[in-house]
Amino acid sequence: MAVEVRIPTILRQYTDGEKAVNGEGKTLDELFDDLESRHAGLRARLVDENGLRRFVNVYLNDEDVRFLGGLTTELKDGDSVTVLPAVAGG
Amino acid sequence: MLTIDAATREAIIAHARADHPDEACGVVAGPVGSDQPLRLIPMANAARSTTFYEFDSMDLLKLYREMDDRDEVPVIVYHSHTATEAYPSRTDVSYASEPDAHYVLVSTREPDEVEFRSFRIVEGEVTEEPVTVVTSYD
């Protein structure tokens, strides 16, 4: 049940500089827990008490998970998850 | 220091003027490690706002995939302020997520006056840097 997760520059401090890491989980939430076990601190940059952080975009393959099921989005073997911080400001 | 060619600088200013009074935004990509802003990619402001900008989430994915395929990085991330100075707002600082990028701010508050400034925004710290305009990079 391996899923590739692409990590943006600003979060590579949690992945020893790796652009992509592998993880496991039946849902996005489980995947983030699994990543946290090897990349401590990463989960808090993606999720807060209300779910996915507003200015972090997470994509399952080609879709924004906000339009799927958010943290409950189901994953399958071979899926690719991409994390990109929003480019935004005032 | 930001080194930028005159044509790209003009194109950023023109984009900002065209979208006024909404904020305009975009990226200038360049080869990894080059620090050369070569390929201007104007982005739509999904917020369509005079006080906020945000890249559309699907546009953002497409942009980063494309840069990845071409071994590029966002050398410049630019946006405009339409009623205030060309200096990063608190919101800009809180969302800045490209520590290696030059954050370019253009103000369109004065129709006849160009304000074009560049900053580094790293871990909440704003540092202005000089801008050198060249005709070409060689």
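I count two strands as paired if DSSP finds at least two bridges between them. Helices (H or I, at least four residues) and strands (E, at least two) are DSSP runs, numbered from the N terminus.

**Ground rules.** This is a predicted model, in which local features need pLDDT of at least 70, side-chain atom pairs count only at pLDDT 80 or more, and totals for chains, interfaces and linings use all residues. Residues are numbered from 1 along each chain as its sequence is written, chains are lettered from A and ligands numbered from 1 in the order in which they are written, and side-chain values use heavy atoms, with hydrogens and water left out.

**Entry 1: confidence.** I looked up the scores before anything else. The predictor gives the complex an ipTM of 0.93 and a pTM of 0.94. pLDDT is the predictor's confidence in each residue, from 0 to 100. Chain B has a mean pLDDT of 97. In that chain, 100% of the residues reach 70 or more.

Entry 2: I started with F119(B). Which residue stands opposite F119(B) in β8(B)? I found E128(B) there. β7(B) pairs with β8(B), residues 125-129, in the antiparallel sense over five bridges.

Entry 3: Strand β6 of chain B (residues 102-107) pairs with β7 of chain B (residues 115-122). The sense is antiparallel, over five bridges. L105(B) has R117(B) as its bridge partner in β7(B). I then followed the side chain of R117(B). It meets E85(B) in a salt bridge, 3.3 Å from N to O. My cut-off for a salt bridge is a side-chain nitrogen of Lys or Arg within 4 Å of a carboxyl oxygen of Asp or Glu. Why does this pair tie together separate parts of the sequence? R117(B) lies in strand β7 of chain B and E85(B) in the loop between β5 (72-81) and α3 (90-95) of chain B, so the pair joins parts that are 32 residues apart in sequence. Over all chains, I have 18 salt bridges.

**Entry 4: the sheet in chain A.** Chain A has an open sheet of five strands, with mixed pairing. I wrote down the order as β2-β1-β7-β5-β6. The edge strands are β2 (20-24) and β6 (63-64) of chain A, each pairing on one side only. β1(A), residues 2-6, runs parallel to β7(A), and three bridges join them. V5(A) stands opposite V81(A) in β7(A).

Entry 5: H20(B) and P21(B) are joined by a cis peptide bond, with omega about 10 degrees. P21(B) is in the loop between α1 (6-19) and β2 (25-31) of chain B. In chain A, N61(A) has a positive phi, near 55 degrees. I place N61(A) in the loop between β5 and β6 of chain A.

**Entry 6: the interface.** How many residues does each chain bring to the contact? Chain A gives 19 residues and chain B gives 25 residues, with contact meaning heavy atoms within 4.5 Å. The area buried between the chains is about 1,900 Å², and carbon and sulfur atoms give 55% of it. Buried area is the accessible area (1.4 Å probe) that two parts lose on being put together, summed over both. In chain A, V87(A), G89(A) and G90(A) lose the most area to chain B, together 34% of what that side buries.

**Entry 7: links across the interface.** I get four salt bridges between chain A and chain B. R54(A) forms a salt bridge with E54(B), the closest N and O atoms being 3.1 Å apart. Elements giving two or more residues to the side of chain A that touches chain B are β5 (56-60), β7 (80-85) and β8 (88-89) of chain A. β7(A) gives the most, with three residues. Strands also pair between the chains: two bridges join β8(A) to β4(B), residues 53-54, and these run antiparallel. G89(A) has Y53(B) as its bridge partner in β4(B).
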